[in-house]
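Please keep the sequence and the model open while reading.

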Amino acid sequence: QVQLVESGGGLVQVGGSLALSCVASGSGFTTMGWYRQAPGKQRELVATITIGGSTNYADSVKGRFTISRDNAKNTVNLQMNSLEPEDTAVYYCYAKRMRSYWGQGTQVTVSS
């Protein structure tokens, strides 16, 4: 049973930074990444990274967020800088290996 465990969410002021981390039980995930869901909105892609290191970002976070992964440790990280109130959401870790897996989510709140 694959489990994804996120950490690093919290409360930060506008313009601040947070780092999210996710560790997966298991290995060989072709894609890992982060999605988010704000109140009243659908879950949306934030960033993904393939096992080979290719990245994909939502336009709204390009230049502010950086995704990375450690294949040996089965972790994926998201460095979030210049945070805006619109970044407030529950952030979910994602991993794909034959099927998709999701973490429980971690709250990120950006206060103005």
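Is Tyr-35 buried or exposed? Tyr-35 is buried, with a relative accessible area of 18%; buried means under 20% relative accessible area, exposed over 50% and partly exposed in between, with a 1.4 Å probe and protein chains only.

## Basis of the model

The model is predicted, so local features need pLDDT of at least 70 and side-chain atom pairs count only at pLDDT 80 or more, while totals for chains, interfaces and linings use all residues. Residues are numbered from 1 along each chain as its sequence is written, and side-chain values use heavy atoms, with hydrogens and water left out.

## Overall fold

The chain has 0 helices and 11 strands. Both kinds of element are DSSP runs numbered from the N terminus: helices are H or I with at least four residues, strands are E with at least two. The radius of gyration is 13 Å, close to the 13 Å that the globule rule gives for 112 residues, so the chain is as compact as a globular protein of that length. This radius is taken over C-alpha atoms, and the rule is 2.2 Å times the number of residues to the power 0.38.

Along the principal axes, the C-alpha atoms fill a box of roughly 40 × 25 × 20 Å. Of the 112 residues, 40% are buried. Contact means heavy atoms within 4.5 Å; among contacts between residues at least 6 apart in sequence, 52% join residues at least 24 apart.

## Aromatic pairs

There are 4 aromatic pairs in the structure. Rings of Phe, Tyr and Trp (its six-membered ring) pair if their centres lie within 6.5 Å; planes under 30 degrees apart count as stacked, over 60 as edge-to-face and the rest as tilted. One of the pairs is Phe-29 with Tyr-101, edge-to-face at 6.3 Å centre to centre and 80° between the planes. Phe-29 lies in the loop between strand E3 (18–24) and strand E4 (31–37) and Tyr-101 in strand E10 (residues 99–102), so this pair ties together parts that are 72 residues apart in sequence. Phe-29 and Tyr-101 are buried.

Tyr-35 and Trp-102 also pair edge-to-face, with 5.1 Å between centres and 75° between the planes. Trp-102 is partly exposed, at 35% relative accessibility. Tyr-35, Trp-102 and Tyr-94 form one aromatic cluster.

## Arg-43 over two rings

The charged end of Arg-43 sits over the ring of Trp-102, 4.7 Å from its centre. Arg-43 also lies over the face of Tyr-92, at 3.7 Å from the ring centre. The criterion is NZ of Lys or CZ of Arg within 6 Å of the ring centre and within 35 degrees of the ring normal.

## Nonpolar core

A nonpolar core is a set of buried Ala, Val, Leu, Ile, Met, Phe, Trp, Tyr and Cys residues joined through side-chain atoms within 4.5 Å. The largest one has 29 residues, of which Trp-34, Leu-78, Met-80 and Tyr-91 touch the most other members. Strands that each supply at least two residues of this core include E5 (44–50), E8 (75–80) and E9 (89–97).

Leaving aside residues up to four places away in sequence, Met-80 touches Leu-18, Leu-20, Phe-65, Tyr-91 and Val-108, among others. Phe-65 is in strand E7 and is buried at 3% relative accessibility. Phe-65 and Leu-83 are 18 residues apart in sequence, with 8.9 Å from C-alpha to C-alpha.
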